[in-house]
Amino acid sequence: QIFDMLLEEDSYPLVFHCTAGKDRTGLLSALILSALEVPQDVIFNEYLLSNYFRYDKIERNAKLGAWILGIDPVASRSIMDVRNEYLASSFEAIEREYGSLDRYFNEALDLTQEDLARLRELLLY
């Protein structure tokens, strides 16, 4: 549904988020950037910025989560932050299931090449 909204000029400005602002939001951001043909290294660097901008919240929640769950704060932190391997595993799952990101966009998200071109037109030009 979000890509349908992104394809509508009247949808802008548009905000999307999830509870922690890193998992679903991070993957969606990565998919949007991929659809815009942003290089993958840039996408991963942008994804990792969540650790920088959310540092205080990550530390606070890691300590709180460790206290509540009775686990080591280092283990709790791994749930709260973002890591390259988290996003990489999502892309790997897409590749395994669909063979390519283009097929995923087409088959899972029902986006045509024309839709992707329109998205680039709306967001890049």
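**Close-up views of a predicted model**

View 1. Phe91 touches Ala30, Leu31, Ser34, Gln40, Phe44 and Leu101, with residues up to four places away in sequence not counted.

**View 2. The largest nonpolar core.** This core holds 22 residues. Those touching the most other members are Phe3, Leu31, Leu87, Phe91, Leu101, Phe105 and Leu119. Two or more residues each are given to the core by helix H1 (2–6), helix H2 (24–35), helix H3 (40–53), helix H6 (84–98), helix H7 (101–108) and helix H8 (113–124). H2 supplies the largest share, five residues. In soluble globular proteins, nonpolar side chains tend to be buried together.

**View 3. The crossing of helices H4 and H5.** The axes of H4 (residues 55–69) and H5 (residues 73–80) come within 8 Å and cross at roughly 125 degrees. H4 is therefore oblique to H5. The crossing is right-handed. On the H4 side, the residues that meet H5 are Ile58, Glu59, Asn61, Ala62, Gly65 and Ala66; on the H5 side, Pro73, Ser76, Arg77 and Met80 meet H4. Sorted by class, this contact has five nonpolar, three polar and two charged residues.

**View 4. Asp81 in the loop between H5 and H6.** Asp81 counts as buried because its relative accessibility is 11%, and buried means under 20%. Leaving aside neighbours within four places in sequence, Asp81 is in contact with Lys22, Asn51, Ile58 and Tyr86. Of these, Ile58 belongs to H4 and is also among the residues that meet H5.

Notes: Residues numbered from 1 in each chain as written. Predicted model: local features only at pLDDT ≥ 70, side-chain atom pairs only at ≥ 80, totals over all residues. Heavy atoms only, no water. Axes fitted to C-alpha atoms, helices over the stretch in contact; angles between N-to-C directions. Helix = DSSP H or I, 4+ residues; strand = E, 2+ residues; numbered from the N terminus. Parallel < 35°, antiparallel > 145°, perpendicular 65-115°, else oblique. Left-handed = near helix turned anticlockwise from the far one by under 90°. Contact = heavy atoms within 4.5 Å. Nonpolar A, V, L, I, M, F, W, Y, C, P; charged D, E, K, R; others polar. Core = buried A, V, L, I, M, F, W, Y, C linked by side-chain atoms within 4.5 Å. Buried < 20%, exposed > 50% of the residue type's maximum accessible area, 1.4 Å probe, protein only.
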